[in-house]
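Work through the following exercises with the model open beside the text. Try each task before turning to its solution.

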Amino acid sequence: MKELAQFFDWRGELGRLDYLKEIIRRLLIILMIFGINIALCILVGLDVTPETWDDNLSLTTISSIAIMVPIDIRRLNDIGISAWWLLPVYILSQIPAPIEGSPQENIYGFLVVIPLLLWGLFVLFKPGKTLREARRSQG
């Protein structure tokens, strides 16, 4: 039970490698939840098509946010950024993609996909407190 509480604990810090390990571990858990969600949809007779995707898979969306937010907060604590920056990131990630072939596809990529990619790279590769303190002690 203690491990489950630690799984959802948002206090503390998380270095780059630990963050990457946690991301991979939690993505595997989300993938299992996704499979269970699809199986439940099929079991109750719901169609899982691209048109009904968002309506039928809300369990996956909610669980992925609940699973990922704690490690994102811990990583942001490590790099010295307020956790409130996650709010616009998660809102931006919930904007649905436009229909294929529509003129909004390029704007969607420019306004949603590229900023989310840059945010992910920034959070992953920005040095944390341990590295900053090591550099200060050497210099």
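The exercises below treat aromatic pairs, salt bridges and a surface patch.

The model is predicted, so that local features need pLDDT of at least 70 and side-chain atom pairs count only at pLDDT 80 or more, whereas totals for chains, interfaces and linings use all residues. Residues are numbered from 1 along each chain as its sequence is written, and side-chain values use heavy atoms, with hydrogens and water left out.

**Exercise 1.** Classify the ring pair of phenylalanine 7 and phenylalanine 8.

*Solution.* Rings of Phe, Tyr and Trp (its six-membered ring) pair if their centres lie within 6.5 Å, and planes under 30 degrees apart count as stacked, over 60 as edge-to-face and the rest as tilted. The structure holds two aromatic pairs. In the pair of phenylalanine 7 and phenylalanine 8, the ring centres are 5.0 Å apart and the planes stand at 85°, so this pair is edge-to-face. Next, consider accessibility, where buried means under 20% relative accessible area, exposed over 50%, and partly exposed in between (1.4 Å probe, protein chains only). Phenylalanine 7 is buried, at 11%, while phenylalanine 8, at 38%, is partly exposed.

**Exercise 2.** Which residues are linked with Glu22 in a network of salt bridges?

*Solution.* A salt bridge is a side-chain nitrogen of Lys or Arg within 4 Å of a carboxyl oxygen of Asp or Glu, and by this rule the count comes to five. Glutamate 22 forms one with arginine 25, the closest N and O atoms being 3.7 Å apart, and one with arginine 26, at 2.8 Å from N to O. The network therefore links Glu22, Arg25 and Arg26. As for cover, glutamate 22 is buried at 14% and arginine 26 is buried at 1%, whereas arginine 25 is partly exposed at 40%.

**Exercise 3.** Describe the surroundings of arginine 75.

*Solution.* Arginine 75 is found in helix α4 (residues 58-79), helices being DSSP runs of H or I with at least four residues, numbered from the N terminus. With a relative accessible area of 0%, arginine 75 is buried. Its salt-bridge partner is aspartate 78, with the closest N and O atoms 2.7 Å apart; both residues lie in helix α4, three residues apart, about one turn of the helix. Aspartate 78 is likewise buried, with a relative accessible area of 4%. Finally, the side chain of arginine 75 reaches the backbone oxygen of lysine 126 at 2.4 Å.

Key:
Helix = DSSP H or I, 4+ residues; strand = E, 2+ residues; numbered from the N terminus. Polar contact = N/O pair within 3.5 Å; in protein donor to acceptor, adjacent residues only side chain to side chain.
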